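Let's take a walk through a protein model together. Keep the 3D view open while you read.

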Amino acid sequence: MKTTARWIRFLLWVAVFLFFSRQGISWAQPVMYEGNQLLDELRFHQWATIRKPSVILTYPPQLADQAAVIVDEAEKTARDFQTYWGWQIEQPVHIYLFPDRASLRERFGWEPGVSASGVYYAGTIYLLNPDCWMNQTASLKENPWKWRRIFHSQGPLHHEFAHLYLDQLTRGNFPRWYTEAFAQWVEYQALGYEWKTKANNLRYHQPYSYRELDRSFDRLPNQALAYRESFLFFRYMVQTEGRKRIDRLQHMLAEGVPFADAWRQCFGRPVEQSFDQWLKQTVSG
Ligand SMILES: [Zn+2]
């Protein structure tokens with residue numbers, strides 16, 4: 001019954017959206033997200049579900065032990081966002097747990113070899129079974145506390161919740177580099193985690209320009225470098241301008257102010273200029 005009601009609501013949304021399609025740009029997001037959720041409910045209707053006040057976790061029955069730990073951690077992460085960012089959760093966040101890399105790849109139609117421990121997409125969080133990326137460093141059965149600790153400190157929950165929070169707050173009003181910068185900074189603040197490799201060490205690699213990050217973030221060949229630059233630039237802005245200014249920026253984005261205008265109003269200069277200042281002190285420092 002509930003599913004039927006949601007279908008009807010979805011179809012109504014589509015009808016209203018089509019009717020007002022010229023003015024309906026900002027309405028596209030909720031329609032698309034609702035559609036994505038309904039399709040996932042159909043796709044994974046044979047899986048089990050755990051409901052908590054802030055999250056709903058759907059998982060294949062053979063992952064019941066992992067699901068119990070993950071839903072607990074996810075609930076805590078959601079509460080952290082309420083405390084630190086004043087996030088108002090309107091309805092519980094849907095999370096899907098995938099048993100292996102192949103099933104997650106199939107869900108997103110990725111090429112062979114593409115993988116991730118977590119994905120944020122259209123209002124929903126998708127997680128890979130942590131046993132796949134823990135590589136047997138901990139066994140949930142033999143050492144549940146170690147497993148939980150590794151999942152907490154190295155798992156993707158903070159990162160994916162950060163994407164979700166920013167997207168819900170601003171309805172997607174930000175460039176790609178910005179949401180990756182913010183998600184990495186949240187991880188860094190909450191867990192002390194930074195993605196550092198040889199491939200993204202600025203001492204050995206020519207940095208991408210702001211224009212490159214802004215225009216073609218996902219298509220840049222050195223993804224590790226693109227992520228690292230966005231994170232370091234964002235951290236520099238927090239350190240030099242303060243967290244309150246970042247909050248102000250994000251609230252302007254929530255009001256629909258275009259990103260470049262919001263940046264100029266918050267920091268008194270164009271974003272390219274802020275980026276070049278950061279790059280100059282990083283390269284010379
Ligand atoms: Zn991300």
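First, some housekeeping. This is a predicted model, where local features need pLDDT of at least 70, side-chain atom pairs count only at pLDDT 80 or more, and totals for chains, interfaces and linings use all residues. Residues are numbered from 1 along each chain as its sequence is written.

## The whole chain

Count the pieces and you get 13 helices and five strands. Here helices (H or I, at least four residues) and strands (E, at least two) are DSSP runs, numbered from the N terminus. The radius of gyration is 20 Å, close to the 19 Å that the globule rule gives for 285 residues, so the chain is as compact as a globular protein of that length. That radius is taken over C-alpha atoms, and the globule rule is 2.2 Å times the number of residues to the power 0.38. If you boxed up the C-alpha atoms along the principal axes, you'd need roughly 55 × 55 × 40 Å.

How much of the chain is buried? Of the 285 residues, 29% count as buried. A residue is buried if 20 or more other C-beta atoms lie within 10 Å of its own, exposed if 12 or fewer, and partly exposed in between, with C-beta atoms placed from the backbone.

Now for contacts: two residues are in contact if their C-beta atoms, placed from the backbone, lie within 7 Å. Among the contacts with a separation of 6 or more, 60% are between residues 24 or more positions apart.

## Domains

An unreviewed UniProt entry lists "domain: Peptidase MA-like" for residues 86–279. UniProt positions are given in the numbering used here, feature names are shortened, and annotations may be inferred rather than shown by experiment. Over residues 86–279 the chain is 57% helix and 8% strand, with 32 Å between the end C-alpha atoms.

Where they meet, domain 1 puts in five residues and domain 2 puts in six residues. On the domain 1 side, helix α7 (residues 157–170) supplies the largest share, three residues. Sorted by class, that side of domain 1 has one nonpolar, three polar and one charged residues. For these classes, Ala, Val, Leu, Ile, Met, Phe, Trp, Tyr, Cys and Pro count as nonpolar, Asp, Glu, Lys and Arg as charged, and the others, Gly among them, as polar.

## The core

In soluble globular proteins, nonpolar side chains tend to be buried together. A nonpolar core is a set of buried Ala, Val, Leu, Ile, Met, Phe, Trp, Tyr and Cys residues joined through C-beta atoms within 7 Å. The largest one here has 53 residues, and L57, A74, I95, L97, L127, A181 and F182 touch the most other members. Helix α10 (residues 223–241) gives the most to this core, with eight residues.

Which residues does A74 touch? Skipping residues up to four places away in sequence, A74 touches V55, L57, I95 and L157.

## A few residues up close

Find E160 in helix α7. E160 is in contact with G118, Y120 and I125, leaving aside neighbours within four places in sequence. E160 and E187 are 27 residues apart in sequence, yet 9.5 Å apart in space, C-alpha to C-alpha.

L232 sits in helix α10, V114 in the loop between α4 (101–108) and β4 (118–121).

| Residue | C-beta neighbours inside 10 Å | Counts as |
|---|---|---|
| E160 | 27 | buried |
| L232 | 20 | buried |
| R171 | 16 | partly exposed |
| V114 | 11 | exposed |
| Q136 | 6 | exposed |

Q136 has a positive phi of about 60° although it is not a glycine, and you'll find Q136 in the loop between α5 (130–134) and α6 (144–154). R171, in the loop between α7 and α8 (176–191), has a phi near 50°, a positive value in a residue other than glycine.
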